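Here's a quick tour of how this one is put together. Have a look at the model first, then read on.

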Amino acid sequence: MKNTVLQIIKAIIFLTIFYLLFCQLSNTFVPKDEEYRTSFARTNAFYALPKDSIDVLYLGASTFYRGITPLDMWKDYGITGYVRAVGGQAPAVSYYYLVESLKYQKPDVVVIDASTPLYENYDVDEKEGKLRNAVDPMRLSVEKFELIQDIVSMGERQTVASYLFPMLRYHSRWDELDRVDFEYNIKNKIDPYKGLLKIDFEAETIKFPDEYMQPNNAVAEYSMTDLGYYKKMFQLCQEKDIAIVLVTMPRVDWDYSRHLGTKQLAETYNIPYIDYCLDENLEALGLDLKTDFHNENHLTTLGAQKVSRHLGAFLQQTYGLEDKRNDPAYQQWHVDLQTYKDDYAEAIAQIK
Amino acid sequence: MSFTSFEFFVFLLIFFAVYFLIPKKYQWIVTLLASYIFYVYASLPAALFLIFTTVSTFYTGVLMGKANEQYAKTLANGGDKLTREQKKLYKAENKDKKHQILTAALVANFGILAFLKYFNFFASSTNSLLDFLSIDTALPSLSLLLPLGISFYTFQSAGYVIDVYRGKVAPDKNIAKFALFVSYFPQIVQGPIGRYDELAGQLYAPHKFDYTRVKFGLQLALWGFFKKLVIADRAAIIVNTVFDNYLDYKGLTIFFTVLLYCFQIYCDFSGGIDVARGIAQVMGIELRKNFERPFFATSVADFWRRWHISLSEWTRDYIFYPLSLSHAFARLGRSSRKILGTYLGKLLPTFLAMLITFLVVGIWHGANWKYVAYGLYNGILIFMGILFEPFLSRVFTQDNAKINSFSWRFMKILGTLFLICIGRYFSRADDLMTALRMLKRTFSIFNPWVLSEGVFSQLGLNEKNLELLLVSILVLLVVDILQEKGYSLREKIAEQNIVFRWALYFTAIFAVLIFGVYGIDYVATDFIYMGF
């Protein structure tokens with residue numbers, strides 16, 4: 001009996017050491033590129049938010065994390081919000097992010113990216129890297145497991161184990177590890193910008209094509225798999241009595257047939273749809289084509305501030321979101337805003 | 001589910017937990033269920049063939065058992081009234097009856113194996129012949145299911161019925177237990193081919209949780225994973241590159257690749273066997289050894305005593321001996337002695353039996369002429385070894401050199417390795433003609449500069465991976481040398497202090513996890529012997 005107890009204790013200690021080593025090595029082996037690192041930092045920051053503290057949840061792809069600055073909306077309207085987005089975010093990821101987010105937050109409104117993902121027929125094998133950016137930072141949960149299962153069922157090369165234990169995916173990096181892999185602790189970083197990728201003024205002068213958004217009767221076809229996730233998001237929000245807004249950010253690769261397709265979808269579910277690619281909306285934003293676009297489909301922070309100002313006004317007027325700037329419970333937002341302002345000023349100074 | 005898959009780890013964890021938590025008398029039932037879950041997970045239709053083999057060989061045993069009982073009963077109840085001649089006749093009748101039952105079972109089971117595995121080979125070979133003879137007809141090529149491990153479980157079951165026929169074992173009376181003997185999951189995929197008298201009793205018996213045994217079993221499995229994932233699957237990248245594009249290479253590039261393939265297939269196969277034996281050991285079941293450090297063989301015959309031992313011994317016991325000792329071969333021996341003289345005449349039946357045995361060994365590996373060549377090549381080499389060994393020993397050990405000297409032994413090891421390497425051209429190349437072409441390209445040029453020009457780091461592995469591969473092979477050789485010298489490494493490790501032991505365990509586990517070739521970058525190849 002004494003022997004058995006001793007053996008059990010030894011086994012527990014052995015497994016504990018194994019677990020600790022495994023976690024440490026996982027941290028070492030995961031990539032340290034900017035996209036992957038910031039995905040962790042932004043997801044960690046979401047988990048660090050006080051429970052039920054955001055008014056608006058933004059779910060979308062790179063156009064969202066470059067085009068929406070929740071801290072500017074806080075500054076202008078006292079609205080709290082968070083952008084949960086990674087580059088090329090799959091609709092499946094948006095759906096499970098929504099399910100997961102509702103465990104931590106009770107937003108009044110969910111703003112969903114209604115752009116290319118709806119029409120893409122997401123190839124999970126081809127876009128594995130983007131999926132990893134989205135899935136790896138997630139806490140272990142039922143939603144994460146279901147998302148992994150969906151990904152695995154849609155791909156030919158994806159495995160459950162490699163998503164649950166990222167080291168199994170990245171172990172072959174052993175021959176390219178360098179100092180930063182050992183020093184950088186990916187799980188400890190917290191981004192202060194509420195989901196905005198970064199303060200970025202690197203601009204590209206863009207030009208909309210002459211035929212851009214010319215009205216016609218053609219309606220683009222949705223990808224049925226991706227549409228399924230959109231419908232599930234709509235249903236979930238309706239069940240939880242959360243308002244939904246569909247938004248297409250300003251982008252050159254958009255066209256009128258996709259606008260019509262999205263509009264039809266929005267009308268079917270009686271959801272407001274803001275297409276920032278329409279002439280009237282572009283005019284209302286007042287975007288400067290020299291300074292406000294990072295590239296053809298993404299905004300700089302200057303552009304993002306203009307969209308956020310417009311969208312914030314819409315959200316506040318439409319849903320009567322309370323101004324929380326004087327609420328002491330939201331003191332941290334002022335602190336984060338100050339950090340944002342300081343970093344902003346520093347970035348401007350660097351340009352000059 | 002492959003041994004290297006995550007699903008298998010989960011399956012194994014659940015299985016071990018249930019196996020050791022339930023009352024011991026039900027362990028065999030859980031193992032049977034797990035074996036069928038494991039098998040059905042791979043293919044449900046294939047399970048039907050497994051069930052057919054199980055049922056047919058089980059009832060073959062039962063029928064032969066009944067025939068024996070009837071025979072014994074008749075002798076007991078009135079045997080004293082029978083004359084000696086009548087008893088002899090009755091015994092012969094009983095033997096004939098059992099022989100018929102045995103033949104039916106063997107024909108049915110080997111017939112299925114032959115049809116599923118070899119029909120298309122037979123059809124394409126026949127069509128080539130018909131084409132050559134300008135006969136305008138052709139056998140169709142069929143899309144046939146090849147059940148997982150069919151060669152292994154068919155040979156194992158056939159061994160059982162032959163043993164029952166010979167009276168070596170009593171027929172099993174419980175079909176569920178027998179089903180476990182046929183389907184036992186750690187070994188069904190790639191062996192070792194079990195013997196009923198060694199395995200069945202262990203499978204049916206209850207087993208306590210033994211800490212040391214479980215620890216040793218896991219260590220063995222871990223070593224198997226190291227061999228498979230770190231060495232075999234890494235070597236496979238170079239081997240596949242060269243074999244898939246052999247026209248781009250010649251000379252020593254091909255030869256060293258084939259040498260690497262020898263290590264690959266050894267680590268792949270023996271790694272899989274170590275995993276199987278390790279898992280079985282955790283359960284308290286000792287599977288037979290399938291390898292005894294084949295790279296230290298001093299002759300081709302010695303190699304086959306160390307390589308895939310369970311198949312070599314199966315063919316020895318159920319093909320070679322029965323053939324050699326048959327009346328027909330005895331007659332052949334008598335006739336050949338008259339013509340060829342005593343020495344050669346005595347060897348001729350042995351040679352023929354060996355040739356047939358190795359033909360079976362070759363064909364067992366697959367339906368292709370290259371395997372026929374592989375089998376015959378080995379059979380002929382062994383016979384030549386027997387024929388010339390005394391002469392060679394005399395020639396090469398003059399000047400009072402001892403026959404057991406290190407240099408003589410080392411030369412024999414190198415010579416054997418060279419001969420085995422040549423055989424591997426046949427077993428690895430896509431077909432017989434490719435193997436011959438590759439051999440021609442190998443010996444068409446002597447280009448030792450490939451070793452210094454970094455040719456091998458351009459075959460799919462970068463330099464770091466190549467260095468890792470060489471270091472891993474070195475580790476393998478050191479372990480094999482120590483084992484060859486009689487060291488039990490697991491026992492030696494167990495004698496060390498806990499800090500050292502645990503450091504070693506963690507190093508080994510993480511070496512496999514980190515340096516193993518698996519996942520998306522490198523697709524871990526299935527165990528090579530799963531296909532046989």
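## Cores

Start with B:Ala235, which touches B:Leu260, B:Phe263, B:Gln264 and B:Leu469, leaving aside residues up to four places away in sequence (touching means C-beta atoms, placed from the backbone, within 7 Å). This is a predicted model, where local features need pLDDT of at least 70, side-chain atom pairs count only at pLDDT 80 or more, and totals for chains, interfaces and linings use all residues. Residues are numbered from 1 along each chain as its sequence is written, with chains lettered from A and ligands numbered from 1 in the order in which they are written.

B:Ala235 is among the residues with the most contacts inside the largest nonpolar core, which has 117 residues. A core here is a set of buried Ala, Val, Leu, Ile, Met, Phe, Trp, Tyr and Cys residues joined through C-beta atoms within 7 Å; buried means 20 or more other C-beta atoms within 10 Å of a residue's own, with C-beta atoms placed from the backbone. Helix H10 of chain B (residues 252–283) gives this core its largest share, 17 residues. Apart from it lies another core of 65 residues, including A:Val109 and A:Tyr163.

## A strand under cover

In chain A, strand E2 (residues 81–85) has 5 of its 5 residues buried, so it is largely enclosed by the rest of the structure. Helices (H or I, at least four residues) and strands (E, at least two) are DSSP runs, numbered from the N terminus. On one side of E2(A) sit A:Gly81, A:Val83 and A:Ala85, on the other A:Tyr82 and A:Arg84.

Definitions and conventions
A residue is buried if 20 or more other C-beta atoms lie within 10 Å of its own, exposed if 12 or fewer, and partly exposed in between; C-beta atoms are placed from the backbone. Two residues are in contact if their C-beta atoms, placed from the backbone, lie within 7 Å.
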